[in-house]
Every structure is written in structure tokens, then in C-alpha cells.
Amino acid sequence: MERKLYQLLLRTQEESPSEEEKQLLEQSFQFQPFFSSRVMARLEKAYKEEREWLPGLTFAFSRVALPVLAATIVFLAVIVFKDQTVSLDTLIGTSEISVEDIVGNVFVSL
């Protein structure tokens, strides 16, 4: 039955359907009363649900992001004062590793 309706829908794009086919289409795709109001109510509900979690997310972000930012700044300051230099190697902790150490370890393991 679905296949027949699908083919009928495709055919009605190119040619006008007979009265019998029109009635079949109307019966198959008949919307219940107040369809538009139900759709709008669902859209409003979805919009309200989406808006409900945004204040919670903002609250959680301010509670988590600021302490993490402060801790990151403190850790970076400790690293810089410990090594007395500011470089990318110092910040990521690779200032004591040389290229020979890395290459030597690779060739030894092969």
C-alpha cells in the first residue's frame, strides 16, 4: 500500500490525479483537527526546554572556568620562576630533553 501511495504521489507531480486518486490521497494524508496548534505547542515546548539548560551551563562555566584559569596561571608562574626562562620548551616541560636523547632512544629500541 505504501509503495502504491508513493508512486501515486510521484505521478501527481507530473499529471493531475483522478477523483478516486484524490480521495485516496486525502484519506491517507488527512491531518487531525488543530494540527497547526499542536505543532506550534511542540515547538514552543522544545524552545523552552532548550532555554532551560543555558543558565545552568553559564553558571557551571563561571564556577569551573575561573578556578581552572587561576590554577593554570599559578602553574605557569611556578614553572617560569623555577627555570628562570620563558620559552615553549620550558612551559611544556621539555627543556631538559635534547634531540640526541630522543633519537638515541629510538635507534636503541629498533
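Modeller: Partly exposed means a relative accessible area between the buried limit, under 20%, and the exposed limit, over 50%. The model here is predicted.

Colleague: Is Glu-21 buried, partly exposed or exposed?

Modeller: Glu-21 has a relative accessibility of 21%. Buried would require under 20%. Glu-21 therefore counts as partly exposed.

Colleague: How many salt bridges does a search of the whole structure find?

Modeller: A pair counts when a Lys or Arg side-chain nitrogen lies within 4 Å of an Asp or Glu carboxyl oxygen. Searching the whole structure on that basis gives a total of three.

Colleague: How far apart are the closest N and O atoms of Glu-21 and Arg-11?

Modeller: The two residues form a salt bridge. Glu-21 sits in helix 2 (residues 19-28) and Arg-11 in helix 1 (residues 2-14), so the pair ties together parts 10 residues apart in sequence. The closest N and O atoms are separated by 2.1 Å.

Colleague: What separates Lys-22 and Glu-19 along helix 2?

Modeller: Their side chains meet in a salt bridge, 3.9 Å from N to O. Lys-22 is partly exposed at 36%, and Glu-19 is exposed at 55%. The two are three residues apart in helix 2, so the separation is about one helical turn.

Colleague: Which residues do salt bridges that share partners join into one network?

Modeller: The network joins Arg-11, Glu-15 and Glu-21.

Methods. Residues are numbered from 1 along each chain as its sequence is written. This is a predicted model: local features need pLDDT of at least 70, side-chain atom pairs count only at pLDDT 80 or more; totals for chains, interfaces and linings use all residues. Side-chain values use heavy atoms; hydrogens and water are left out. Helices (H or I, at least four residues) and strands (E, at least two) are DSSP runs, numbered from the N terminus. Buried means under 20% relative accessible area, exposed over 50%, partly exposed in between (1.4 Å probe, protein chains only).
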